[in-house]
Amino acid sequence: MVQNPTQMKLKIYLKTLVFATGMVLGLSACFAPQAVIRMEPAADQKVRWDYGQAIVEQSVDSLFGRAAFDHAEKDFLVFNVDITNLSQSDQLVAPEQFYLTTNTGTRYFAIDPEKELFSMEVRENVREANAKNAAVLAGVVAVAAVTAAVVSEVNDKDNNNNGNNNNNNEIRNNRNNDNTNLFLSVPLVINSASESAVQPNVGPFEPNAPTINERGFWTDYTLRKTTLAPGEKVRGKVLFRRQDALRDFLLMVPVEKSVFSFGFKQKVFQPQ
């Protein structure tokens, strides 16, 4: 049976539509929504509620401590922790010593804000150096492009004045074409470098507050290493790598020779 052109076009269109639909469905199946994390204090904990947040309170020796789950980021669990020194001596609070643990004894240590700030400074210096190098390279390319244009114009004039030298003109034109191809290939590196700039994530914080990817979050919002004089208090956010497989765990907060033990239950909800 001989098909007319309209039938052939319709057949090709239907095949393309079926293929495109299959591709869309296949790609959509590759991206599952991230699990939603919720925490609640263990049953044996002393809890005080504050605007929907369950705060676990403990007194250990001459220290008073509180801990509460704040929220989960893509890669982190964020807790609010505060410590009050009720003793008669200085007490060192070092968040890098805090850890999550289970009945298996496995420990998951908190992220050290000082190390994170150091890493951010290193990355920023590298980005700054790359930007300066890209600017210098762009300048070199611009100068070279102008030079090539001037040379090309001079060559064109020479070509008009020396119409009988066809062989020499052909050689000069080939050289000019080679130079133009080289200059056109260089800026692509600059464009690819500029597109790799890190875009800040939008976190569940109050408006205008820095995100986890910004230096201001780690300098001003996290709990940082602090020596508490008698009567002083320190508070801030403590971050751990996400551990979605955990269910019951303890947030251990050692302060000098004293150790707080805050119990939590983690609930993981996988959106469908």
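1. Lysine 46 is placed opposite glutamate 57 of β3. This and every other point here refers to a predicted model. Strand β3 covers residues 53-60 and is joined to β2 by 5 bridges, with the two strands running antiparallel.

2. The pairing of β2 and β3 belongs to an open sheet of 5 strands, ordered β2-β3-β4-β5-β10, in which the pairing is antiparallel. The edges are taken by β2 (46-50) and β10 (233-241); each has a single partner strand, so one side of each lacks a neighbour in the sheet. From one strand to the next, the twist averages 25°. As background, strands of a sheet pair through backbone hydrogen bonds, in either the parallel or the antiparallel sense.

3. Of its 8 residues, 6 are buried, so β11 is largely enclosed by the rest of the structure. Strand β11 pairs with β7 in the antiparallel sense over 3 bridges, and tyrosine 99 stands opposite methionine 252 of β11. Strand β11 is also joined to β12 (residues 258-269), by 8 bridges and again with an antiparallel run.

4. Two facing positions illustrate the pairing of β11 with β12. Phenylalanine 249 has phenylalanine 264 in β12 as its bridge partner, while valine 253 stands opposite phenylalanine 260 in β12. The hairpin of β11 and β12 has 2 residues between the strands, and glutamate 256 adopts a positive phi near 55° in this hairpin.

5. Strand β12 has a further antiparallel partner in β1 (residues 36-41), to which 6 bridges join it. Within this context, valine 36 has phenylalanine 269 of β12 as its bridge partner.

6. The aromatic contacts may be reviewed together. A pair of aromatic rings is described by the distance between the centres and the angle between the planes. With ring centres required to lie within 6.5 Å, the count comes to 9 aromatic pairs. Tyrosine 99 and phenylalanine 109 form a tilted pair, at 5.4 Å centre to centre and with 50° between the planes. Tyrosine 99 belongs to β7 (residues 99-101) and phenylalanine 109 to β8 (residues 107-109), so this pair ties together parts that lie 10 residues apart in sequence. Tyrosine 99 is buried, at a relative accessible area of 11%, whereas phenylalanine 109 is partly exposed, at 44%.

7. The rings of phenylalanine 260 and phenylalanine 262 have centres 5.8 Å apart and planes at 5°, so this pair is stacked. Both phenylalanine 260 and phenylalanine 262 are buried. Ring pairs also link Phe69, Phe79, Phe240, Phe249 and Phe264 into a cluster.

8. Phenylalanine 118 lies in helix α2, which spans residues 113-161. The relative accessible area of phenylalanine 118 is 56%, and this residue is therefore classed as exposed, the cut-off being over 50%.

How values were computed. Residues are numbered from 1 along each chain as its sequence is written. This is a predicted model: local features need pLDDT of at least 70, side-chain atom pairs count only at pLDDT 80 or more; totals for chains, interfaces and linings use all residues. Side-chain values use heavy atoms; hydrogens and water are left out. Helices (H or I, at least four residues) and strands (E, at least two) are DSSP runs, numbered from the N terminus. Buried means under 20% relative accessible area, exposed over 50%, partly exposed in between (1.4 Å probe, protein chains only). Two strands pair if DSSP finds at least two bridges between them. Axes are lines fitted to C-alpha atoms, for helices over the stretch in contact, and angles run from 0 to 180 degrees between N-to-C directions. Rings of Phe, Tyr and Trp (its six-membered ring) pair if their centres lie within 6.5 Å; planes under 30 degrees apart count as stacked, over 60 as edge-to-face and the rest as tilted.
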